[in-house]
Amino acid sequence: MRQSGFPQSSFSPEGSSAGEGIQAVFDRDRLAAALSAVTAAQADTEVGWIQLDFTGGGDVLMSAVSHNLSIRYVFQADYTGKGIIKVSGKQLSDYVKQLPPERITLTAELPQRLMLKCGRSSARLQLVQDQTQTEVVVPTVGSAVLVKGEALERWVNCFRDFVSVDDTRFYANGALIWADTSKGLSLHAVASDALRLAKAELLDGLMAEHIENSAVLVPKKALDELRRVCALEPAKDFRLRWHQESLFFSVETENYTMVSKCIAGKYPPYTSAIPQKINTEIDVNLKSLSESVRRVLLFADKNRIIKLNFDGPVLDVQSFTPGLKEGEEIVELGKTVEEPMEVNYNGTLLTGILNCVEGSAVRFGWENVNRPVKITGEAQKGLEVFFLLVPTRF
């Protein structure tokens, strides 16, 4: 049994014999959607190719692979002939996007060229002369959970932008994902870019198929693609499957499959950064604070630092570039602060957190001002989220 979701090689006489041909008629929007799905797997869009498999008896199987991501998309189309062709994914996708919403006729003259016609537009593309056959296979090991697309999208949006992509610790360039059944089924994720951290727990819209004590480090590219497909079909059930030893994370629906290679290594010990006891809590209007931070950032230097001064019934937000410019905003607090306090943060990183917070108010919680601040929004149905932000110096 194959236990890999990455390219398998085999000679494909159906896709390379001279004189053979394939003719197909596509709905333009359906073809564009398929191309949008699979081209995300191309490591280099300029030279990468996609595969179209016309051997499914009415279904077209489109796929693309890179060294760490494989995607397969199945859709119906009318066609005659039989074979497998490979073509530049970027060239085909860019052209199809520009076509009017009409039927597209595809003619493949194997093994040389591909011809497309839509209304008064036509094009010719050279087929890629490659004798390997791409196959996307999901291993049948590990944890498996069914999740509604709408719930999955909300969960991923809470942490995907916090995944580090250039940390010198290769094992930190991913989101740590696992499932827990100690208090009912829940799906957890932690992501950090060293200066801030997001922890998201999904409680609703889940159904367990098989749960193991297994956690994986999923790269950001796979999370971005997961978020994209969930946003397109929020009512659909998505099967997530992962396995720590096999180092894979997969997403499946009836016509879509993504398999991502996970990052090897042990995730940094994030729990030590979480405040164990909150000694000070302050609530601030989310809209007022977000707007004030964005305005004062116009006056910040290259380090993007802002000062938050809590004093009595107001919050004073400041930033400046020494000798050149400075900005100040006053935000009224709903409750008077008993003891004045001053903290400094990277304003750009704070803005990124505020953009993910839900509700009308944001809560800041400190163990002490020299430790990371815990930031939360108003309670969300079936979702528990908090963020950490490390203080900085002016």
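The structure is a predicted model.

A search of the whole structure identified 10 aromatic pairs. Among them, Phe-26 and Phe-75 form a tilted pair, with a centre-to-centre separation of 5.8 Å and an angle of 45° between the ring planes. This pair links distant parts of the chain, as Phe-26 belongs to strand β1 (residues 21-27) and Phe-75 to strand β4 (residues 69-76), 49 residues apart. Phe-26 has a relative accessibility of 1% and therefore counts as buried. Phe-75 likewise counts as buried, because its relative accessibility is 5% and the cut-off for burial is under 20%.

A further pair is formed by Phe-54 and Tyr-79, whose ring centres lie 5.2 Å apart; the planes stand at 75°, so the arrangement is edge-to-face. Phe-54 and Tyr-79 are both buried. The residues of the two pairs described above belong, together with Tyr-73, to one aromatic cluster, consisting of Phe-26, Phe-54, Tyr-73, Phe-75 and Tyr-79.

Lysine residues were also found over aromatic rings. Lys-86 is positioned over the face of Trp-49, at 5.5 Å from the ring centre. Over the face of Phe-386 lies Lys-374, at 4.7 Å from the centre of that ring.

Technical notes. Residues are numbered from 1 along each chain as its sequence is written. This is a predicted model: local features need pLDDT of at least 70, side-chain atom pairs count only at pLDDT 80 or more; totals for chains, interfaces and linings use all residues. Side-chain values use heavy atoms; hydrogens and water are left out. Rings of Phe, Tyr and Trp (its six-membered ring) pair if their centres lie within 6.5 Å; planes under 30 degrees apart count as stacked, over 60 as edge-to-face and the rest as tilted. Helices (H or I, at least four residues) and strands (E, at least two) are DSSP runs, numbered from the N terminus. Buried means under 20% relative accessible area, exposed over 50%, partly exposed in between (1.4 Å probe, protein chains only). A charge sits over a ring if NZ of Lys or CZ of Arg is within 6 Å of the ring centre and within 35 degrees of the ring normal.
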